[in-house]
Amino acid sequence: MKAIILAAGKGSRLLPMTLLKPKPLLKINGKTILENMIKRLKNAGVKDITVVTGYKNEMFNPYKKRLGFKKVISKDFANTNSANSLKLVIDNLDSDTLIMNGDLYIKNDFVRYIRKNVSQFIAQHLEKTNHPTWQYEIDENSKLIGINENSGGGLCETGIAYITQKDLKIIKQELKKLSDKVYWEYIIQKSFKKMDFHITEVKDLIYEIDSFSDAITHNLLTSDDIAKQCSDNNKAKRLAGLTNYNYRIKFIGKDKVIRIPGIGTEAFVDRPAERKITSVVPSSICPKTDFFDWDVKITDYLKGYHSITDEDLNTKFFNSFIKTLTILHSVKKVLSLCLCIRK
């Protein structure tokens, strides 16, 4: 058995963490996602491992030497999807093969659950997913009979497939026809009826780290972890805050504040409204805010501010603030603002 790990993408949903490094090189519990995957594979006896890289591929080099895998580079990773990545290693598809997404946190050995001599997806039952995913329909023998592409729960994909040598001919034929811009798994959607294709279920074992909500929901990353991995030097200083976890970090060479939403605060903070309101507040009143997925945001770190005093009421800043506040109060939903004045 060999393994191919598809790890070429930019991981846009995990910006700003992935501005600094590829998603498979983010750390969970002190170890990169890639290291954890390869450890699980090698402990299960899988030694022939190929990693298809793309975004910041040079950062994989130290791990290639230490972990002992083959590295393939996708030069057009920004414009293609996993179908293209798999095409780059099509000649490697010559014996029983595990095909795995590169963003999987694997809690324990999963290889022992694989059924021999039958192609299969590894699946996991999820009550509710954070974004639409594939749900599998199976018969009484766990044979795949249908796929719901836009499910919110049920027997769902994990990002791992096992393809037997006898089915690789079909896979390779269909892969050549497949658009470079789609997921390679669409081959199975088109062709599973031509194969004896099954679903193998595991429980609480494999988690795809596709977004902040994935990581937070499954207690894989804390706010501290996120802040540190968004920092140039892996350091983050906690600041005060009520509805966000706030940290001062060094981000791309500049002092910044990263604000990570507190769990449950969406019940009383309208985050979409916050984005809209922030967009109309001039930079003379508050620093520019960069918003990311899950309403994580980064602003400049500002020094020398103090609570408002009587002397501040006739300043140019205060007049600008009142004008902006008047505009904001003309809309139905308004966020409370904390007024501070720079010395």
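Which residues does Glu-174 touch, not counting residues up to four places away in sequence?

## Glu-174 and its partners

Setting aside residues up to four places away in sequence, Glu-174 touches Ile-187, Ser-191 and Lys-194; contact here means heavy atoms within 4.5 Å. Glu-174 lies in helix H4, residues 165–177 (helices are DSSP runs of H or I with at least four residues, numbered from the N terminus). Glu-174 counts as buried because its relative accessibility is 12% (buried means under 20% relative accessible area, exposed over 50%, partly exposed in between, with a 1.4 Å probe and protein chains only).

## About the model

This is a predicted model, in which local features need pLDDT of at least 70 and side-chain atom pairs count only at pLDDT 80 or more, while totals for chains, interfaces and linings use all residues. Residues are numbered from 1 along each chain as its sequence is written, and side-chain values use heavy atoms, leaving out hydrogens and water.

Leaving aside neighbours within four places in sequence, Leu-98 is in contact with Met-1, Leu-41, Phe-110 and Tyr-162, among others.

## Cysteines

Cys-156 is buried, at 0% relative accessible area, and Cys-230 is buried with 0% too. A search of the whole structure finds 0 disulfides (pairs of cysteine sulfur atoms within 2.5 Å).

Technical notes
Helices (H or I, at least four residues) and strands (E, at least two) are DSSP runs, numbered from the N terminus.
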